[in-house]
Structure formats: C-alpha cells, structure tokens
Amino acid sequence: MSLIVPARPIASEALSAAACAHCGAPLAPGQARFCCTGCEGAHALIAGLGLAAFYARRESEAGALRPEVTATSIDLVPFAAAGRDGTRRLELVVAGLTCGACVWLVEQALAREPDILSARASLSARRLTVTWRGEAGRANDIAALLARLGFRAAPFSPACLRATEDAEGRELTRALGIAAFGAMNVMLVSVAVWVGTDMGPALRHGLHWLAALIGMPIVLVAGMPFYRSAWVALRAGRPSMDMAVSLGVLATALMSLSETVFNGPYTYFDGATALLALLLAGRALDRGARRRARQSVAELLALQEGTIQRLLPDGRTEAVPAEHAAAGDRVLVAAGERLRLDGVAEGDTLLDAAATTGESLPRRFGAGEALPAGAVNMGAAFTMVVSAAAKDGSLAAMARLLERAEQARGRFVSIADRASRWYVPVVHVVAAATFALWWGALGAPWQVGLVNAVCVLLITCPCALALAVPAVQVVAVGALFRRGVLVTSATALERLASADHAVFDKTGTLTEGRPVLIPEGQDPAVLAQAASLARASRHPLAQALARAAPDAPALDGVHEVPGQGLVRGVARLGSPAFCGLPASVDGMTLAYRDGDAAPVVFRFADRLRADAPAAVAALAGLGLDAELLSGDGAGAVDAVARDAGIAGWRAGVDPAAKQARILALKAEGRRPLMVGDGINDAAALAAAHVSASPAGATDLAQTASDLVLQREGLAMLPGAIRIARRAQAIARQNIGFSLVYNVLAVPMAVAGFVTPLVAALVMASSSIIVVVNALRAGKEG
C-alpha cells in the first residue's frame with residue numbers, strides 16, 4: 001500500500017516567507033519555499049492528508065521537523081506483535097515528539113491510513129502505539145511515513161526514554177552550573193561597584209569591562225535552552241514564555257555592553273546572569289518534581305525488566321529477556337525471584353505483591369489462579385504459564401494508565417493553558433508601552449526606559465501560571481498510585497473532589513464476594529460427609545462448604561442434577577427443596593440428607609469486608625451520604641446495610657435500575673460516586689459523576705471506572721477523596737497566587753521601583769513557590 005498522497009495547496013501557513021514552509025529553517029538564495037526536497041515532500045504529504053491545521057496548531061516547544069534524508073536502517077517487522085484477531089501492534093519511541101501539535105499530527109496522519117485501527121502517542125514517554133490489520137511489513141511503512149513528517153522512530157524500550165531524559169538532564173545541569181558560576185563572579189565585581197562610592201571613573205569603567213568579559217559568554221552559553229525554544233517559537237509565528245525571558249536577558253546584556261563600550265553608568269550584567277541561574281534552578285526543580293511524580297511509571301516498567309527461566313519441551317531451561325516471552329510459555333520462578341510477567345500458577349505458591357497492590361502481607365495463590373507481575377516468590381520454586389507478554393501485561397497497562405492520567409488536561413489545566421497563551425503577547429505590549437512611557441512621555445534616558453521595560457518582561461514571565469496546575473496533577477496521581485489507587489480518567493481528580501453522595505454495590509464491593517459457612521453447631525462428621533459431596537460441584541455455596549471442611553476427601557460416583565444438587569447413592573446435597581425442605585428465602589442455604597435421616601441445613605453469608613464500616617463512616621465525615629443498591633433479596637441487603645452503617649438501601653435492583661438511580665441522583669443536582677465491581681455495575685459506573693472499582697473487579701467494571709483500587713478493601717477510598725480535594729485546593733491556590741503576584745508586581749515594574757536583579761529574584765521565586773506548593777498535593781488533607 002502506498003503512502004504517497006496527492007498534494008493539495010495549503011491556504012495559510014504560520015511560517016514566514018523567508019523561512020522553509022515546513023521546518024522553518026532559513027532559506028538559501030534561490031530557494032523559493034523549501035530548504036530541501038524532504039521538507040517539500042513532507043509539506044505535500046501533510047497537505048494531501050488534509051492536515052494543514054498542523055502549522056497553526058504547532059506550539060512553541062515544537063522542534064524543527066526536518067525530514068530524514070535516508071530512512072532508518074532498523075527493520076521493525078520483528079517488533080510488530082501479532083494479535084489473536086489478526087491485528088498487529090507496534091510500539092515505537094519517536095524522536096522529535098516535543099509538543100501537542102506533533103502528537104496531533106502523528107496521530108492524524110496515521111489515522112488517515114485505511115488499514116490502521118488506532119494510533120496513540122504519549123508525549124511524556126515519547127511512545128507511539130500503532131495497531132493495524134494486515135501484514136507485519138507495514139511496520140517499516142509506518143516508520144517511513146513518520147520520517148517523511150520529520151520524526152525518527154525506533155522500537156520502544158524504557159532504556160530509550162531514560163537515555164533521552166538523562167541527556168536532557170545533563171544539558172540542564174551543565175547550563176545551570178555555568179550560569180551559577182558566572183553569576184557569582186559577576187556579583188563579586190558588581191558589589192565592588194555598588195559600595196565604591198569614592199571610586200574613580202576609570203576604575204569603574206574597568207570593572208564594567210571585567211563584568212562584561214565574564215557575563216557576556218555566560219549569557220550566550222547558559223541561556224541556550226531558552227534561546228533555542230524562543231527561536232523555534234519565533235519561526236513558527238507563535239509567542240512563548242521563553243521569548244519574554246530571552247528578550248529580557250539579551251536586552252539587559254546588550255544594553256549593559258553598550259554602556260560599557262561608551263563608558264556609561266548603567267550596567268546590569270549581574271541581573272542578567274542571576275536571572276539565568278535562578279530560572280535554570282527553577283526549571284531543574286520543576287523537572288525533578290515531575291520526575292519524582294512519574295517515578296511510579298518508571299518503577300512499574302523496571303519491575304518487568306530482566307531475564308526469566310523459560311522451560312523448554314525437553315525439560316531444560318533457557319535464560320531469555322522478559323520482553324521475549326510470549327503467552328503460553330512455561331516459566332520457572334525460583335525462590336525469592338520477582339515475577340516479570342503475568343501468569344497462571346501450576347501449583348500453590350506464596351507471593352508478596354506489595355510492589356503493585358501495596359498489600360502488607362504475602363498472599364497464597366492456589367493452582368490455576370492468576371499471578372500478578374511484579375510480585376516476589378516468598379515460597380519454594382514453582383512453574384507458571386505466562387498469560388500475557390510484557391507489553392500486554394498488567395504492569396504495562398498500569399503504566400499506560402498512569403501516563404494518560406498525568407498528561408490529562410482537566411478544567412484547571414485548560415484554564416492555565418489558555419491564560420498563559422494570551423498572557424505572553426499582552427506582556428510584550430505592556431513592556432513596549434513602559435519603554436515608550438519612560439523614554440517618550442517622561443523624557444528619561446533610553447537606558448532607564450529599557451531597564452524598566454526589561455523588568456516588566458522578567459517579573460511578569462508566566463512560568464508560575466504555566467506550572468500552577470500540571471505540577472499538582474502529576475504529584476496527586478503519583479501519590480494516589482503509591483497508596484493503591486490507580487487514576488484512569490483525565491478529569492477524575494476534579495470530579496472525585498466534588499462528589500457528595502456515595503452509591504455502593506453489595507456483592508464483591510461491600511462484601512468479599514465469597515460466601516462462607518455460618519457455624520451453627522453442625523456435627524463435624526455430617527459436615528465432612530456433605531463437604532465430600534460438595535467437592536464435585538463448582539457452585540459457590542458448594543465450594544464454600546468444601547472450604548469449611550478442607551480435610552474431607554473427594555468422592556467418586558457423584559452425579560449432579562442440574563439446578564437441584566448432587567446425588568451419590570442415597571445421599572443428597574443441594575437446595576432445601578431438593579432435600580424435602582421448604583425453599584430458602586435468600587438462596588444462601590444448602591441442605592444435606594443421607595437416606596432417611598433428617599435433613600441438615602447449612603446456611604451461608606457473604607461476609608462484609610472488614611474495613612467497610614470504617615470506610616462508610618469516613619465518607620460520611622467527608623460529607624458523602626451512602627446508599628446501597630443490590631440485586632439480592634431484601635433480607636441479605638438489609639443485613640449488609642445495617643452492618644456497614646448505611647441507612648438507605650434498595651434490593652432486587654437490576655443493572656438498568658442501578659443506572660436509572662444514578663441518573664435520578666444527578667437530575668436532583670447530586671454528584672454521585674458509584675463503587676461497583678461486576679459486569680452488572682458497568683452501566684451505573686459509566687453514568688456516575690465519578691466511579692471506582694475495588695480490587696478483583698471485572699475488566700468491564702474497571703474499564704468503566706475512573707479509579708481502580710489496587711488493594712483489597714475500601715480503606716483507600718476516603719484517603720483518595722482527601723487527596724483529590726487537597727489537590728484541587730492547591731491548584732486554585734497556585735492560580736490565585738500567580739494572578740495576585742502579577743497584579744502587584746506589574747505596576748511596580750512599570751513605575752520603575754524594580755531592578756532587573758530584583759525582577760529575576762521575584763519571578764524565579766514565584767515559580768519555585770508554585771512547584772513546592774504543588775508537592776503538598778501528595779498528602780492527605
């Protein structure tokens with residue numbers, strides 16, 4: 001299938017005529033619109049795909065989209081994983097994926113291909129996941145399409161992402177070290193000028209030259225992270241926050257250099273270098289905070305790295321990387337070894353799953369039970385069957401959900417983004433008006449007007465506003481994950497914080513979802529006989545009876561009467577009616593009859609979760625009234641509601657009625673939190689204001705939920721609400737602080753009460769305050 005698309009003309013372009021119409025590089029003499037044939041082809045491709053809006057959407061952080069001259073030499077066909085339904089999936093790390101517009105372009109360009117089912121790009125991880133129906137050879141075609149758009153692709157691995165982050169971190173650290181060194185030395189020279197009131201003009205002029213010789217190289221080298229970003233924004237015709245910083249720093253340095261050359265009194269090399277040092281320190285702090293907040297993703301991915309011992313058909317083992325294992329492989333897990341993959345146990349084992357679920361105690365898993373990746377084998381060596389490859393397993397799925405939640409743009413994030421976009425041009429206008437006011441209207445020297453205009457640019461840089469909410473988002477999502485709550489929705493935190501009513505399902509949510517025998521003085525011998533019969537059935541009550549007498553042996557010759565019970569000779573086990581007794585009201589009763597002997601009744605109950613009453617009481621303390629909706633009989637529902645401390649309950653509620661109740665609450669102006677675990681709860685979970693699923697919930701219920709509780713029980717839910725409310729309060733504080741700060745700072749800068757050094761200190765400190773305040777979002781308020 002060809003990826004060549006006929007070009008259609010683009011009506012408007014964001015780039016200037018003097019620059020390449022695609023990548024923005026300067027045009028050489030004789031070049032009309034494009035700097036190379038690659039850019040011309042990429043431009044034609046984007047136009048032919050109908051994606052010309054990319055040039056208007058591209059944000060200031062976008063890198064130059066220079067297409068690759070030669071295609072990548074990596075053969076991606078072996079990395080295209082085959083699905084069970086005839087589909088293929090490929091995960092790539094994409095170089096050049098630096099802004100939201102790049103993500104939009106990549107996803108839209110691939111979506112235009114008829115055989116591609118989905119294309120999802122993660123900006124923070126630079127990971128692109130493509131699913132298509134067809135041959136594996138299409139993997140190289142996809143990489144070729146990305147190359148024509150200006151992106152280089154390679155097979156994704158966490159090591160690629162770490163290498164990129166390490167390179168960025170080294171560049172930032174190097175720039176910060178240079179700026180700090182220069183600022184300290186320039187400050188020493190400047191202090192001598194400040195205190196030297198009896199200093200002669202010649203000595204002052206010499207010190208100004210010394211400050212210039214130190215300061216100018218520092219300004220040019222250490223400021224490159226800002227200048228590069230500002231230049232890209234300027235080429236794209238879109239203002240950015242770094243443009244204000246770059247213009248302020250360079251204007252201050254050039255004005256100071258002019259004053260040095262002409263022996264003037266005005267030099268601010270100290271302010272320019274100190275500003276760079278403080279800005280770079282703030283950026284490093286923000287990067288560190290985001291890295292710590294995303295550490296959960298890195299830890300999850302690290303859990304599945306390493307080798308496993310794969311069992312061969314002849315009984316030998318071979319050590320292979322975990323990512324090379326496929327579903328169906330048999331793996332030997334040694335004592336103390338971590339499970340790199342999800343699997344199914346072939347025998348009993350004891351696992352410590354604290355790394356992913358936070359459970360404080362090891363848990364025993366029986367033969368045939370699903371084993372979670374990331375757990376540690378606390379018992380003897382055992383063999384398991386791999387149920388999912390690494391990229392399809394639970395760890396990878398949780399990592400993707402965390403990435404999506406951390407990148408999510410809720411209401412406060414959108415407000416901050418919109419504000420920072422119109423904020424930059426307004427600031428430049430105010431700075432220009434300040435210069436005109438002082439130089440033109442007030443008749444001050446141009447140096448004074450320029451210094452005041454620079455102070456406006458510096459003190460009003462919207463860094464704090466841009467950091468106000470995203471920092472809170474990533475900190476809160478990471479903190480919830482560490483507490484056993486996985487956030488899966490973009491706006492879940494905002495909606496969870498505003499919830500005012502809790503609706504619970506019963507079975508598997510408030511209760512453990514597993515019936516247990518109620519001890520009522522049964523004869524141990526009769527109990528053992530009934531349990532031996534029960535081992536022949538998969539009915540939940542029969543299994544509960546078998547668990548009550550674990551030493552009872554299984555019997556041969558047991559026959560099952562569908563819908564009634566079990567028969568072996570003259571012995572019967574089943575419903576009360578099957579054994580000659582009146583029918584059970586709640587269906588939680590088995591009867592056993594051995595020939596002419598009197599029937600024995602065994603009653604069962606679905607045990608309430610131990611932490612359910614405390615969780616309900618904690619929710620009430622947070623202002624959330626609770627009610628219980630269940631499809632079970634009235635007696636069982638009333639008993640659970642009474643034990644859990646829930647006043648309102650409804651029995652015999654089917655899935656449609658649950659959804660209708662949620663919609664009725666919303667129509668009344670309530671904001672219900674729905675907590676459920678079953679397929680029958682999915683509709684209500686999707687309709688709720690916000691929803692959560694407990695550990696062990698069905699896949700459908702977890703998919704429909706905004707939060708998934710990774711640990712057993714409901715104890716994490718009140719804490720999650722407290723963190724969500726604290727996060728929203730901190731987000732409002734950050735936005736309010738940013739706005740108040742600028743309302744107070746701008747008039748002072750316009751009035752000339754602020755020097756560039758003071759402006760640098762105030763502006764950088766505002767960003768640091770916002771980031772430090774955001775770190776509080778991880779605590780329960």
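Three strands, in the order β11-β10-β13, make up an open sheet with antiparallel pairing; here strands (E, at least two residues) and helices (H or I, at least four) are DSSP runs numbered from the N terminus, and two strands pair if DSSP finds at least two bridges between them. The edges of this sheet are held by β11 (363-365) and β13 (376-377), and each has a single partner strand, so one side of each is left without a neighbour in the sheet. Strand β10 (residues 349-352) is joined to β11 by 3 bridges, and the two run antiparallel. Within this pairing, Thr349 has Phe365 of β11 as its bridge partner.

The model is predicted, so local features need pLDDT of at least 70 and side-chain atom pairs count only at pLDDT 80 or more, while totals for chains, interfaces and linings use all residues. Residues are numbered from 1 along each chain as its sequence is written, and side-chain values use heavy atoms, with hydrogens and water left out.

Taken as a whole, the protein chain contains 27 helices and 27 strands. Of its 781 residues, 51% count as buried, where buried means under 20% relative accessible area, exposed means over 50%, and partly exposed lies in between (1.4 Å probe, protein chains only). Contact means heavy atoms within 4.5 Å; among contacts between residues at least 6 apart in sequence, 67% join residues at least 24 apart.

A further open sheet has 6 strands, ordered β7-β6-β8-β14-β9-β12 and paired in antiparallel fashion. Its edge strands are β7 (317-321) and β12 (370-371); each has a single partner strand, so one side of each lacks a neighbour in the sheet. Strand β6 (residues 307-311) pairs with strand β8 (residues 330-333) over 2 bridges in the antiparallel sense, and Gln309 stands opposite Leu332 in β8.

Strand β21 (residues 589-594) is joined by 4 bridges to strand β20 (residues 571-574), the two running antiparallel, with Ala571 opposite Asp594 in β21. β21 also pairs with strand β22 (residues 600-608), again in the antiparallel sense and over 4 bridges; here the bridge partner of Leu590 is Phe602 in β22. β21 and β22 form a hairpin with 5 residues between them, and Gly595 in the turn has a positive phi of about 65°.

Turning to the helices, the axes of α21 (residues 612-621) and α26 (residues 716-750) come within 8 Å and cross at roughly 25°. That makes α21 roughly parallel to α26, as angles under 35 degrees count as roughly parallel, over 145 as roughly antiparallel, 65 to 115 as roughly perpendicular and the rest as oblique. Axes are lines fitted to C-alpha atoms, for helices over the stretch in contact, with angles from 0 to 180 degrees between N-to-C directions. Ala615, Ala618 and Leu619 in α21 meet Leu717, Pro718 and Ile721 in α26.

The count of aromatic pairs comes to 1, for rings of Phe, Tyr and Trp (its six-membered ring) whose centres lie within 6.5 Å; planes under 30 degrees apart count as stacked, over 60 as edge-to-face and the rest as tilted. The pair is Phe435 with Trp439, tilted, at 5.3 Å centre to centre and 40° between the planes. These residues lie 4 apart in helix α13 (residues 411-441), separated by about one helical turn. Phe435 is partly exposed at 23% relative accessible area, and Trp439 is partly exposed at 47%.
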